[in-house]
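Welcome! Take a look at the sequence and the model below, and keep both at hand as you read.

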Amino acid sequence: MGGSFTKLDNVHLVMMGLDSAGKSTALYRFKFDQYVNTVPTVGFNCEKVKGTTGKAKGVSFVIWDVGGQDKVRPLWRSYTRSTDGIVFVVDSADVERMEEAKVELLRMARTPETVSVPILVIANKQDLPGAKDSSEVEKIMCLHELGTGRLWSIHPGCAVTGEGLDEALEHLYQMILKRRKAAKQAKKKR
Ligand code: G3D
Ligand code: MG
């Protein structure tokens with residue numbers, strides 16, 4: 001992991017969320033900048049992706065896409081242990097499953113390994129009729145429960161068209177830089 005925060009080394013990200021939220025679609029959007037038809041993920045997918053926007057331009061992201069079906073969720077822990085950032089993808093049109101998504105997100109966010117890892121929530125599937133906008137998703141999922149001490153942010157997106165994804169990734173990268181900077185300053189003070 002890591003290295004100096006000024007050096008543009010590989011940034012490791014883990015993508016999580018319930019099955020069918022759009023994680024793999026988002027991953028292939030990042031990778032190929034086009035729509036790729038996905039099949040339910042068995043095990044995991046991993047791709048190296050170059051950032052395209054703002055501060056994240058040219059930065060290499062290694063993105064792990066971990067399957068979301070309930071029987072593999074216990075495996076999430078082994079991926080979150082040494083990651084720089086977490087991308088949590090939510091289906092904004094599936095209000096019925098937001099409670100389940102919330103429980104999984106909070107459970108994951110509270111594990112000791114991830115307490116200070118920045119979290120980007122993507123309110124995905126904004127193209128669907130009836131999709132909740134990101135502020136509604138934020139309310140329904142009670143994201144304030146992530147706590148004030150934690151770096152987190154929610155962004156609207158559509159993995160099918162790619163809309164919103166690059167901006168969201170750049171924001172996550174900025175949070176990662178912020179965390180590295182804070183960790184470095186804390187080290188100096190000691
Ligand atoms: P997962 O990896 O989180 O399990 P997938 O989810 O990426 O496999 O996506 C599950 C389904 O949601 C796919 O449809 C995919 O095309 C669709 N999807 C993903 N992102 C979006 C989006 O932003 N908008 C819309 N409308 N659909 C999206 P199928 O039909 O193949 O199951
Ligand atoms: Mg998948």
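## A strand and its partners

V14 stands opposite I86, a residue of β4. Strands here are DSSP runs of E with at least two residues, helices are runs of H or I with at least four, and both are numbered from the N terminus. β1 and β4 run parallel and are joined by four bridges; two strands pair if DSSP finds at least two bridges between them. β4 also runs parallel to β5, with six bridges joining these two, and V89 has I122 in β5 as its bridge partner.

Before going on, a word on the ground rules: this is a predicted model, in which local features need pLDDT of at least 70 and side-chain atom pairs count only at pLDDT 80 or more, while totals for chains, interfaces and linings use all residues. Residues are numbered from 1 along each chain as its sequence is written, chains are lettered from A and ligands numbered from 1 in the order in which they are written, and side-chain values use heavy atoms, leaving out hydrogens and water.

## Both faces of β4

Is β4 mostly covered or mostly uncovered? Seven of its seven residues are buried, where buried means under 20% relative accessible area, exposed over 50%, and partly exposed in between (1.4 Å probe, protein chains only). In a regular strand, side chains alternate between the two faces of the sheet. In β4, G85, V87, V89 and D91 point one way, while I86, F88 and V90 point the other way.

Nonpolar side chains tend to be buried together in soluble globular proteins. A nonpolar core is a set of buried Ala, Val, Leu, Ile, Met, Phe, Trp, Tyr and Cys residues joined through side-chain atoms within 4.5 Å. The largest one here has 26 residues, and L13, F61, I63 and V87 touch the most other members. At least two residues each come from β1 (11–16), α1 (23–32), β3 (60–66), β4 (85–91), β5 (119–124) and α5 (165–189). With eight residues, α5 gives the most to this core. Apart from it lies another core of 24 residues, including L18, V66, V121 and A123.

Leaving aside neighbours within four places in sequence, V87 is in contact (heavy atoms within 4.5 Å) with L13, V14, M15, M16, L120, I122 and L172.

Why can we call α1 largely enclosed by the rest of the structure? Because eight of its 10 residues are buried. Those covering the buried residues include β1, β2 (44–50), β3, β4 and α5. Just after α1, D33 takes a positive phi of about 55 degrees.

T25 sits in helix α1 and is buried, with a relative accessible area of 12%. Not counting residues up to four places away in sequence, T25 touches Y35, T38, A159 and V160.

## Around ligand 1

Which residues are closest to ligand 1? Among the 18 residues surrounding ligand 1, the closest are S20, K23, T25, T38 and D127; a residue counts as near if one of its heavy atoms lies within 4 Å. An N or O atom in the T25 side chain is 2.6 Å from an oxygen atom of ligand 1. For D127, a side-chain N or O atom is 2.7 Å from a nitrogen atom of ligand 1.

Methods
A polar contact is a pair of N or O atoms within 3.5 Å; within protein, one must be able to donate a hydrogen and the other to accept it, and residues adjacent in sequence count only if both atoms are side-chain atoms.
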